[in-house]
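My notes follow in the order I looked things up.

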Amino acid sequence: MGVGFSVPQFGRVVEAVVEAAASRPGRFGEVVSRFSERVEAAGADSLWVGDRLLAPVEPSVGYAGRDTIPRMFRTAVDPLVALTVAATATGRVRLGTNVLNLPWYNPALLGRALASLDVVSGGRVVPGFGTGWSPEEYAAAGVPWPGRGTRMDSALDALERWWSDDVVEHEGPAWSIAPSHVDLKPARTARVHLGGQADAALRRIGRRGTGWLPAVVVADEPADPSALLRARDTIAATAQEAGNPTEVAAVVRVNPLPSATVDALVGTIRSLGAAGFPDTFVDPHVLAADVGEFEDWALRVLGEL
């Protein structure tokens, strides 16, 4: 089984570190570097970042089906900054984005940034994308909320060409790339992963033959993988309909609730492996009061596996 962890990036886990950066330049980098080094040495297989821009005071759409936004999203370090620090501190672990909200981004600029990070890290980047869920974040990014699925597909097409074609060319509803030489390519051909468990997202994954980034929620008992099995069947059926022979690999995000225990997290990881999902990562943000506790949770999980 491959087990990874989120990088310290949000809320109270990094608030004190960010505040200290004014008097101790480089403090955030030191903290993320130390965490990344220690979990890699303890056997972690991957490190991951998320993508939050802001926390609306009166959100039109709340987080995870609720009416509010978690306080931790009021402090959000840029995902590519955090992942670059993790890349320079490690030499083996995969470096993933779960997820970048792709419709926000110009694909040429993002393609260059991720290819650069992949070259710097020696081919370890796992690009993961989704559409996001906050209309206020879309407005702040200057991107229309309607049509985000079409924009997502166009950006995926552009990134595929940016990372693989000798002469890159793209014409889409939001961006165009004139025939151009782009010689900086990822060290290894990037296998894009897509988030989402809604039917439209699952079918996009099946059609495109990409990797999948599902999630489970864990309280004080191991999570049941049955919903993931049903979703995987939808992906497989769509892939077959589209004539797509590529096997879709999944990396499951394990999201603890505050009541989660190490035993429940380890039990979830084991039950996912038994169900055919051997690649997982744990996000300890809601469990930890500071970066020390964040690291402790990660090391305790690794110690029990």
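**Notebook: helices, sheets and crossovers**

I am reading a predicted model, where local features need pLDDT of at least 70, side-chain atom pairs count only at pLDDT 80 or more, and totals for chains, interfaces and linings use all residues. Residues are numbered from 1 along each chain as its sequence is written, and side-chain values use heavy atoms, with hydrogens and water left out.

**Entry 1: the helix pair**

I looked up the geometry. Axes here are lines fitted to C-alpha atoms, for helices over the stretch in contact, and angles run from 0 to 180 degrees between N-to-C directions. Helices (H or I, at least four residues) and strands (E, at least two) are DSSP runs, numbered from the N terminus.

Which residues in helix 1 meet helix 2? I found V14, V17 and A20 on helix 1, meeting R27, F28 and V31 on helix 2; contact means heavy atoms within 4.5 Å. By class, this contact has 5 nonpolar, no polar and 1 charged residues. Ala, Val, Leu, Ile, Met, Phe, Trp, Tyr, Cys and Pro count as nonpolar, Asp, Glu, Lys and Arg as charged, and the others, Gly among them, as polar.

Next I checked S33, which lies in helix 2. Is S33 buried or exposed? S33 counts as buried because its relative accessibility is 18%; the cut-offs are under 20% relative accessible area for buried, over 50% for exposed and partly exposed in between (1.4 Å probe, protein chains only). Not counting residues up to four places away in sequence, S33 touches V85 and A89.

I traced an open sheet of 7 strands in the order 5-3-2-1-13-12-11, with parallel pairing. Two strands pair if DSSP finds at least two bridges between them. Strand 5 (125-126) and strand 11 (215-218) stand at the edges, each with a single partner strand, so one side of each has no neighbour in the sheet.

I then followed strand 2 (residues 46-49). S46 and W48 on one side and L47 and V49 on the other are all buried, so both faces of the strand are covered. Strand 2 pairs with strand 1 (residues 2-6) in the parallel sense over 3 bridges, and G4 stands opposite S46. Strand 2 also pairs with strand 3 (residues 94-97), again in the parallel sense, over 4 bridges. The bridge partner of S46 in strand 3 is R94. From strand 2 the chain crosses through helix 3 (residues 79-89) to strand 3, and this β-α-β crossover is right-handed. Right-handed means that, with the strands pointing away from the viewer, the path from the first strand over the helix to the second runs clockwise.

I moved on to strand 12 (residues 252-256). How many of its residues are buried? The count is 5 of 5. V252, V254 and P256 point one way, and R253 and N255 point the other way. Strand 12 pairs with strand 11 in the parallel sense over 4 bridges, and P256 is the bridge partner of V218. With strand 13 (residues 279-282), strand 12 pairs in the parallel sense over 3 bridges. V254 has V282 as its bridge partner in strand 13. The chain gets from strand 12 to strand 13 through helix 9 (residues 262-274), in a right-handed β-α-β crossover.

I found another open sheet, with 4 strands in the order 4-6-9-10 and parallel pairing. Strand 4 (100-101) and strand 10 (211-213) stand at its edges, each with a single partner strand, so one side of each is left without a neighbour in the sheet. Strand 6 (residues 128-130) and strand 9 (residues 193-195) pair in the parallel sense over 2 bridges. F129 stands opposite L194 in strand 9.

I checked what lies across these strands. Helix 6 (residues 148-164) lies across strand 6 and strand 9, at about 160° to strand 6. Helix 7 lies across strand 9 and strand 10, at about 170° to strand 9.

My last stop was A200, in helix 7 (residues 199-208). A200 is exposed, with a relative accessible area of 56%. Its C-alpha atom is separated by 11 Å from that of A231, 31 residues apart along the chain.
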